[in-house]
Each structure stands twice: as C-alpha cells, then as structure tokens.
Amino acid sequence: MSEKTIINTLSELAATSSSLSLIRLFDDEPQRLERLSIQAPGLYADFSKQKVDEKTLDALLAYAEAQNLGEFFDAMRAGEAVNTTEHRAAQHMALRAPEDENFQALGTNISNTIAKERARLRAFANDIRGGKRQGVTGRALRTLVHIGIGGSDLGPRLLMQALKRYHAPGMDVRFAANLDAADINDALSGCDPETTLVIVVSKSFSTAETLANARVARAWLVQHLGEDAPTLHMAAVSTNLAATADFGIQDENVFAMHDWVGGRYSLWSSVGLSVMATLKEDAFEDMLAGAAAMDDHALNTPVAQNAPLLSGLIQFWNRNFLNMKARAIVPYAARLSLLPAYLQQLIMESNGKSVRADGTPADLVASPVIFGAEGTNAQHAFFQQLHQGPDPVPVDFIGFTQDQEHNPGHHRGVLANMLAQARALMSGAPAPKEAPYKHFPGNRPSTILLMDALSPFSLGALLAFYEHETVAQAVLCGINPFDQWGVELGKHVAVEVLSHLEKSTTQGMDPSTAALIERIAKP
Ligand code: F6P
C-alpha cells in the first residue's frame, strides 16, 4: 500500500476511534496485552492502555514499512549523513558500543578515535576520583563545577540526580547553566578553590551563557589561586580546541566532542566527564552498556516487537490522528524529577519542526508539547486536568519494581499510585446526575515503562529508548531530528536588544519592546 493510502486508512480509523472503549478492547482482542507489551533490555513496556486497536496497529506497522523506518536506523548505524541540513552523521550509538564494533561517520572510521578518548576520559576520571589530581596547592581536586547548557548540561545533571546511590565517597559535583548569575554564584558558593575543578562543556565553545559563566569561574579561581590557576583547575569538553586554548585551558585537560554527535544525544560522550569522575568506577560503563543493549534491540527487532520504534509509532498516531497536542512524562521516582526537562530538549529540539528533511512543508507533526513531573507529586499538580480536562493527554508512567530505599510501605504505595492513575485514566468513572462535575470520561491513554531498579544499566536503556523513539517519530514525518535551526533567531535578536539596553536606545524596536527597554533603562 502507498503511504497516502495508509494515511487515509489511519484517518478513517481515527474518525471512529472516539467510540473505542479502552477497557472493552481487552475483551474484544484477547491477544491485546501480549501484542502490546514488550520486554526490552532493562525495561518492560506496556502499550496496551494506548488507544490503538488491531486494525490501527496493522496500519501503523504498514506505514513504518512504507517509510522505510528500519532502513533509516541502518543508515544511521552505518554513519551516513542522516543529519541532512548539516551533512553530518548521527553516531551517538557509537559512543556506547562495545569497543570491538566498527563505526564510521561519512565513511571514516571513528571507533579508534572513540576508544582512545574513552581510555583518556577513564584515566582522567579515575585519577580525580582517586585523589591523584591535585590543584596548585597540592590538594586533591574533589569538587567539580560543571558549566554547560542544553545538551551540555541536562544529561549530566539528570544522571547525577538519578544515580545518587552510585556516588563515589568524597566527590561532589555542582552545575551552572543559566546566564542568571545566581546560577554560577550558587554553584561556586561554599566551594574551596584549592580542591575545585571547573569543567567547561560546550560543543561549539561559543554559547553565550556557558562562556559568561566560565569567565566568572576563571576569575574566581584566579582571584583565590593566582594567574596560573586555570592550568590545574580548569578542563573543557568541546569540538573547538582553538577556542578552548584561547580561553586558557591547556590541551591536556581538553576532551573532544565531535560533529557526528548532536548535543542532545551527547551525554554518552566526554560531556559525561563530571559524571564519570563523580560516580563509582564502572557506573558510567554500566550505563553505556544499558544503552548499547537498547541499541541492539532497536536495530535488530521487527517493529511490532520493538519497544522504542513501536512507541514512536503510537505517539505518531496520538499526535497526528487522535490530535493529542501534548504529552506528559511522569516518572514515579523522586530522583527522576529532571527527566521531563531532559526529554523536553531531546524530543522538542529534535522534532519541533515544520519543514521536512527534503525542504518541503511538513504535513505530519513529529512532536507534541512535552511536559511532566515526578509522581506522586504530579498527582497534586496537573492530574486534575489529565483526568477531567477537555483534551486527553497521553501519559508515560515510569516505575521501578525494586525497593531501593528499603521502605516497603512507601515503595508499594508509589507503585500502587502509578498503576492506579493509569487504570483510572483508562476506566474513568460515572457521575451522579446531581454532580456532573464528578464525571471522569476515562478512555485516556498511557504507557507504562517498568524497570527493576534505578541503576546505571536501566537508566542507559531508558534514555536510549527515548532517543530511538524520537528518531522514529521524525522518520515517520520525514523530518531531520538532528539539527536545531530554530534556536538561532532568538540568539541574534538578543544581541540586538542587548545593544539597545546598554545604550538605552530603541530605534528599530517594536513599540512593546521599545517601551520595555525604556522601562528597564529608567534609573
Ligand atoms: O539549544 C541549542 C544548543 O545548540 C543545543 O542543541 C546544545 O545542546 C546547547 O545549545 C549547547 O550548545 P554547546 O554545547 O555548543 O554549548
């Protein structure tokens, strides 16, 4: 069948989906749970509460075939220029692959480069964790200040929160991302300069916020330790080695990033240096192993049994045919409170686009608006809208079977709440005639991702799951998930507005911005 025919079929199926009763589908389709649940590496995915019946699933699988979904992943694995507007490969999988696997980027072998850099990173991280790297006064470097933003911040920050159980004794890491100086001031507050290492993480080494914060940190080090402080107290992660040298960071403390890995796909790379040094030895490697296991699953499993690609298909259906314009990510784990923010960048910076990779206007939408918060807190924040709001919002529930805090009462309660919310969203509840405001429409879809423990391996598998799901949605819509031209205009306009603010001028500004500049400029 042609893509157009399949899209028409999906539209017809969607037109009748409003009469679908999720709870009745389990009776109508005896194999439903089996067909829509998958044991993938590190996680069990239950899609059976999604509003997809057998006919819809068959049509979606046919569309994946027609869009050559599997072939795209093969091309990405082969290092082809899947990032079409920048003519680059997207080889985040190479960063976590076993070292005997061969990867290329645009025909050039990159596996040797990765192996050398991994060894260098590991040695540097082990030296720091082992107290073998000293500062200018001979004391061991024990506090890392990670300066970066976006993909150079969100991943490491998430990993440090989620893997708190795996922190090495005596190590501390702080993060600064925002241009608001409160961020860098808070990060440096209480640090002992003699035992502090500042790591500046920036693929371009031209991001305004990161350079501004790095200058504050450098001045702080010089003020306390003298002009030579950066030599031993600053490191960098970047593709731009000329810029890091200009900044005064010596090459032996600079770790490479590459243009064949996108920023929001880069936590597996040198970007993770602060994490590697602060977690116990092998924790970072275990995380890479979890992601690599998910890669193997994504690359070698038929779409119908492929957890990330099937999830991509279902979210493609929710956005384009059920017209669900938002999506909630609700991890039932206090230490995954940063996961929604991480996935906002991964999904919305990858897929929040309106032009296809071939330059034509996109007629399919690859990304909803992503939001979320950790459960059970979210139940006391936005679940009112999820249950009784006018627009159904698909929810990803993420939970862990192991009681890692050794508090069975709490742990059972967390899991009971997660399962209950998914069940209640599906089943709904009638309301007494005299109290219509107590009506729960139900039939609201969700996915459950269930893992054993919040461990490096399972976290690696989970984040790789979402990377592949994101790419799958992009392929289904024909867009390029690896560029981010949409972030440029705001940056350019900021330079113009800053100039006006500095000179208290407004020519060329719209009346609103002009009035605001004048109001700000008033003494
Ligand atoms: O948001 C735009 C962006 O380029 C992201 O893609 C990237 O992760 C972030 O800014 C930081 O970029 P850099 O690592 O080059 O400082």
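This is a predicted model: local features need pLDDT of at least 70, side-chain atom pairs count only at pLDDT 80 or more; totals for chains, interfaces and linings use all residues.
The interface of domain 1 and domain 2 was examined next. On the side of domain 1, 25 residues are in contact with domain 2, which contributes 17 residues of its own. The size of an interface is often given as the accessible area lost when the parts come together. For domain 1 and domain 2 the buried area is about 1,900 Å², and carbon and sulfur atoms account for 61% of it.

Nine residue pairs in polar contact were found across the interface of domain 1 and domain 2. Two elements, helix H15 (339-351) and helix H18 (456-477), each give two or more residues to the side of domain 1 that touches domain 2. Of these, H18 gives the most, with eight residues. By residue class, the side of domain 1 that touches domain 2 consists of 13 nonpolar, seven polar and five charged residues.

Side chains of opposite charge can pair when their charged atoms come close. Between domain 1 and domain 2 there are two salt bridges, and the whole structure contains 22 salt bridges. A salt bridge joins glutamate 349 to arginine 264, with 2.9 Å between the closest N and O atoms. Another salt bridge pairs the side chains of glutamate 99 and arginine 122, at an N to O distance of 3.7 Å. This pair connects distant parts of the chain, 23 residues apart: glutamate 99 is in the loop between helix H5 (69-77) and strand S3 (104-105), whereas arginine 122 is in helix H6 (residues 111-129).

The ligand is surrounded by 14 residues, of which Ser152, Ser202, Ser204, Thr207 and Glu349 are the closest.

Backbone geometry was considered last. Most residues other than glycine have a negative phi, and most peptide bonds are trans. The peptide bond from glycine 375 to threonine 376 is cis, with omega near 15°. Threonine 376 belongs to the loop between strand S11 (369-372) and helix H16 (383-388). Asparagine 443, although not a glycine, has a positive phi of about 60°, and is placed in the loop between helix H17 (408-427) and strand S13 (446-451). Serine 504, also a residue other than glycine, has a positive phi near 55°. The position of serine 504 is in the loop between helix H19 (488-503) and helix H20 (511-521).

Methods: Residues are numbered from 1 along each chain as its sequence is written. Side-chain values use heavy atoms; hydrogens and water are left out. Contact means heavy atoms within 4.5 Å. Buried area is the accessible area (1.4 Å probe) that two parts lose on being put together, summed over both. A salt bridge is a side-chain nitrogen of Lys or Arg within 4 Å of a carboxyl oxygen of Asp or Glu. A polar contact is a pair of N or O atoms within 3.5 Å; within protein, one must be able to donate a hydrogen and the other to accept it, and residues adjacent in sequence count only if both atoms are side-chain atoms. Helices (H or I, at least four residues) and strands (E, at least two) are DSSP runs, numbered from the N terminus. Ala, Val, Leu, Ile, Met, Phe, Trp, Tyr, Cys and Pro count as nonpolar, Asp, Glu, Lys and Arg as charged, and the others, Gly among them, as polar. A residue is near a molecule or strand if one of its heavy atoms lies within 4 Å of it.
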